[in-house]
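My notes follow in the order I took them.

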Amino acid sequence: MIHVEELSLIIILRISFLIAGNKNIEQVNQIRESLEIMGENSTAFSLPQPHLLRTKLCNLHDSDLDPSYIKRREELKGLVTSMIQPKMVRGKFLNGKEFVSFLEQILEALNKGDIPSTVSLVEVFNKGVVDQCLKLYNDMMSRVSLPLSEDLIREAHEESKTKVMVVFEEQRFGRHHAKTSVERLESEIQKIYANLYLKNEYESAKLCEGLYSSCEDKVDELQELRLPSMAKFNAGFTQCNRSFEEGCHGPSKAVYEKRIEKMLGKSRLQFIKDYNNRLFNWLVGFSLVMVVVGRFILKFFLVEAAAWILFIFLETYTRIFWSPESLYYNPVWHLVVTVWENVVYSPVLDLDRWAIPLAWVSLTLLLFWRCYGKRKCSGGALLPVYAFQTGSSNPRVRRSD
């Protein structure tokens, strides 16, 4: 037989334990909703106050209680007995104590999750929906071409997440018990986005590092030009900077922009520092070469004289003013630099690239002219020339060759 007082006391203690401190208000609300659902077909029964000393009810006997309470309690026992059937477990009817023990075991199993509750059943059903939504989010984000800037990848994330949440709201089960599924879905989406964000940073760093290395190699090549040209260096400098700006994307762009700006600035200063010295040495060497060419190859006095004037000017100017650096501020030097730049590098001809092939072609033509051109010009007559001696009537043939 079920003792109503014991059953009521256990239920009250369980609910009081959950409500105590109002720490688990969400669970308490779920219990209230469950009780509300279960209590649609219920019977109310009121009991009068047993005794004025409420704090000592457990120590009082039935003879000390109010007779009206005793009467109503007996009526309640009869009502409960008429409404319920004895609980049978494993073919055996349970008495009150056994039923209470059985009820405690049921409550413990519910608390541990061994017995599915309304909430757990909803979460099991929604788990499939969550997995589908995560797959949809993965598919949408996989179409994004990395690397992207932080704003663009955030916009793609927010747009994909909004679409996924709409799909989840349409397919999920349960209005009041899907909060755990929503939290799980948002947490998993955030994890995927965090991994994608790290991948975006890696791809951005990889791309920008490759462009930075290419630009660095290009600048090193410009530093080693055979014929120093400020115009060619500036053209390569601009092209390198433009290719980096157009090709580098993502969160690493700002960091690599500072690095490449610093590197290009140092390279430009170094090139300008070496430019005048290398040009001066080139002009000195060129003047000596033209002296030899004008004297021994072309045998043209004006070419040799002009080369000697250039060589003497370069050498004597630096001896008078002690250093070549003072020459670099002279207007004449600026004129020389302008002529040099126009000759060495232009949109039509890059002399630094074609200097050696043109030199070989020029040398070949010069040798051909020296060896065959003069021989043809000074060649003998096609017909024999006859020479007559004085006092002789017989001519003597003289070969012109």
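**Helix packing and cores**

I began with a pair of helices, and found that the axes of helix 7 and helix 9 come within 10 Å and cross at roughly 0°. Angles under 35 degrees count as roughly parallel, so helix 7 is roughly parallel to helix 9. I kept in mind that this is a predicted model.

Next I looked up who makes the contact.

I then followed Met263 beyond its neighbours within four places in sequence, and found it in contact with Tyr212, Cys215, Glu216 and Val219.

Which residues have the most contacts inside the largest nonpolar core? I listed Ile260, Met263, Leu264, Tyr275, Leu279, Trp333 and Trp340, in a core of 31 residues. Helices 7, 8, 9, 10 and 11 each supply at least two residues of this core. Helix 9 gives the largest share, 10 residues. Apart from this core I found another, of 20 residues, with Leu134, Met140, Met141 and Ile189 among them.

My last entry is on Arg73, which lies in helix 3, residues 67-83. Is Arg73 buried or exposed? Its relative accessibility is 11%, so I put Arg73 down as buried. The side chain of Arg73 makes a polar contact with the side chain of Asp62, at 3.2 Å.

How values were computed:
Residues numbered from 1 in each chain as written. Predicted model: local features only at pLDDT ≥ 70, side-chain atom pairs only at ≥ 80, totals over all residues. Heavy atoms only, no water. Core = buried A, V, L, I, M, F, W, Y, C linked by side-chain atoms within 4.5 Å. Buried < 20%, exposed > 50% of the residue type's maximum accessible area, 1.4 Å probe, protein only. Helix = DSSP H or I, 4+ residues; strand = E, 2+ residues; numbered from the N terminus. Contact = heavy atoms within 4.5 Å. Axes fitted to C-alpha atoms, helices over the stretch in contact; angles between N-to-C directions. Parallel < 35°, antiparallel > 145°, perpendicular 65-115°, else oblique. Polar contact = N/O pair within 3.5 Å; in protein donor to acceptor, adjacent residues only side chain to side chain.
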